[in-house]
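Subject: Handing over a model

Hi,

Here is the structure I promised to pass on to you. Please open it beside this email as you read.

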Amino acid sequence: MDKFLIKGGRPLHGEVTISGAKNAALPILLATVLGSESITISNVPLLQDVKTSLKLLGKLGLAHSELQHGEVTIEPAEMSEHVAPYELVKTMRASILVLGPLLAKVGKAEVSLPGGCAIGARPVNLHIEGLRQMGAQIVVENGYIKASVDGRLKGADILMDTVSVTGTENLMMAAALAEGTTRIENAAREPEIIDLARFLNHLGAKVTGEGTDTLTIEGVERLHGGHYSVMPDRIETGTFLVAGLATGGDVTCRHTDPSALDAVLKKLTEAGGTVEKGTDWIRIRSQGRPKPVTIITAPHPAFPTDMQAQFCALNAIASGSGWVRETIFENRFMHIPELRRMGAHVELEGNTAISNGVETLTGAEVMCTDLRASASLVIAGLVAQGETLVERIYHIDRGYEGIELKLQALGADIQRIH
Ligand SMILES: CC(=O)N[C@H]1[C@@H](OP(=O)(O)OP(=O)(O)OC[C@H]2O[C@@H](n3ccc(=O)[nH]c3=O)[C@H](O)[C@@H]2O)O[C@H](CO)[C@@H](O)[C@@H]1O
Ligand SMILES: C=C(OP(=O)(O)O)C(=O)O
């Protein structure tokens, strides 16, 4: 299993090019199930989850080109299969996103129930309830969601009990080919939802209201082909900005979208970073030791859960006491015991991590438990005195394209050990 060996204490300096967003690329790739003509997608990050998505599309009978220079073409097909098996779903929760498209396109789907993961239970009841409202018959049997519909799905008025990103995406994709109009209220407003809506509209779907809490989708009979470029990864951007600030450096993220990062940039500024931005770049400069911040995660446009672990690493070395409260996932603090092993003074009280910043962390052997926890440990390793060995980095490879190469180019001493 690969590991990262990091020799900490070097400020990061320079420019980094941000990749396409994992959390936009995966739904967009899986939405190609809905297509009836050839679809080319560019700015696709080369990640383990992207490889898994392409494997899943292949399993469903869709041919695709090799992913080269971030571009892949997917050919439409008479779907020969409608099953997303456990082997694939267990490695990538986003596989649940074929449920809506398969039902809409071929009228049947069997998708392994994703179950929980390290960060929480991660239920999908709202996906199932919404599809039932659109006329699907669904049973959960032998660990699979087995769904079918007579004829086409029907447009419906759906009120989501809670804001769900993948739930909104599944229902939006299903509604794109349904008969009649679907209204999704209390919809998620994440930038990745907007990107998926734009992608679907580019292929001829009729989605409006993206970026607000009410989506209206007028179903169409078929989607045509096209070429679409995935939005930049706001979480990768935020991760590099935190790493720049934490190490006392000066980092510019290129090929990104500052408008998707308002809550994160606000907290970076509160933490004492000097933030400048243009249409597609953000620069952060450290002015000395970071100041502590208080953070409450919540659905967009509030502070994203996918950035809280990185800010825990920042608070760990801040000049005072700060706290981070996680409201989306019940167990997303697995990085805290690892940060403590590196000398952080941080306590968990319920869903809040309260830290008393220390001057510096010390290198240690630490273990990744999930994607963003891994990012926080890498940041901590870059800051720490001495050597840090980060184990189980397959978690990080799910979501960050060549993170060690990008960090090396910014001056970090980080090596992948096979
Ligand atoms: C709102 C939110 O911040 N969602 C995050 C969530 O998306 P992801 O789509 O994985 O999770 P959801 O947005 O669906 O979950 C949000 C909340 O709704 C609950 N829920 C969800 C679906 C459902 O059917 N029933 C139900 O009760 C979940 O338990 C959770 O507390 O994890 C992703 C990966 O870390 C992040 O990129 C998303 O930003
Ligand atoms: C936890 C994440 O992803 P996933 O939903 O794929 O597990 C993430 O992007 O931080």
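First, the conventions. The model is predicted, so local features need pLDDT of at least 70 and side-chain atom pairs count only at pLDDT 80 or more, while totals for chains, interfaces and linings use all residues. Residues are numbered from 1 along each chain as its sequence is written, and chains are lettered from A and ligands numbered from 1 in the order in which they are written.

**Domains**

The chain divides into domain 1 (3-19 + 232-417) and domain 2 (22-229), with bounds that come from an automatic or database domain assignment. Their centres, taken over C-alpha atoms, are 30 Å apart. Domain 1 puts 18 residues into the contact and domain 2 puts in 15; two residues are in contact if their C-beta atoms, placed from the backbone, lie within 7 Å. On the side of domain 1 that touches domain 2 there are 5 nonpolar, 5 polar and 8 charged residues. For these classes, Ala, Val, Leu, Ile, Met, Phe, Trp, Tyr, Cys and Pro count as nonpolar, Asp, Glu, Lys and Arg as charged, and the others, Gly among them, as polar.

**Ligands**

Helices here are DSSP runs (H or I, at least four residues), as are strands (E, at least two), numbered from the N terminus.

Around ligand 2 you will find N23, R93, A94, D306, L371, R372 and G399. By class, that makes 2 nonpolar, 2 polar and 3 charged residues.

**Helix packing**

Two packed helices are described by the angle between their axes and the distance between the axes. The axes are lines fitted to C-alpha atoms, for helices over the stretch in contact, and angles run from 0 to 180 degrees between N-to-C directions.

- The axes of α10 (residues 308-316) and α12 (residues 371-383) come within 7 Å and cross at roughly 25°. These two helices are therefore roughly parallel (angles under 35 degrees; over 145 is roughly antiparallel, 65 to 115 roughly perpendicular and the rest oblique). From α10, A309, Q310, C312, A313 and A316 meet R372, A373, A375, S376, I379 and A380 of α12. This contact has 8 nonpolar, 2 polar and 1 charged residues.
- α6 packs against α7 (residues 191-202) at about 10°, with axes 10 Å apart, which makes the pair roughly parallel. V165, T168, E169, M172 and A176 of α6 meet I193, L196, A197 and L200 of α7. There are 7 nonpolar, 1 polar and 1 charged residues in this contact.
- α1 (residues 22-31) packs on α7 at about 30°, the axes being 9 Å apart, so α1 is roughly parallel to α7. Their crossing is right-handed. N23, A24, P27, I28 and A31 in α1 meet E192, D195, L196, F199 and L200 in α7.

**Backbone details**

Most residues other than glycine have a negative phi, and most peptide bonds are trans. H300 and P301 are joined by a cis peptide bond, with omega about 15°. P301 sits in the loop between β17 (294-296) and α10. H69 is not a glycine, yet has a positive phi of about 50°. The loop that holds H69 runs between α2 (48-59) and β4 (72-74).

Best wishes

Conventions. A residue is near a molecule or strand if its C-beta atom, placed from the backbone, lies within 6 Å of it. A crossing is left-handed if the near helix is turned anticlockwise from the far one by less than a right angle, and right-handed if clockwise.
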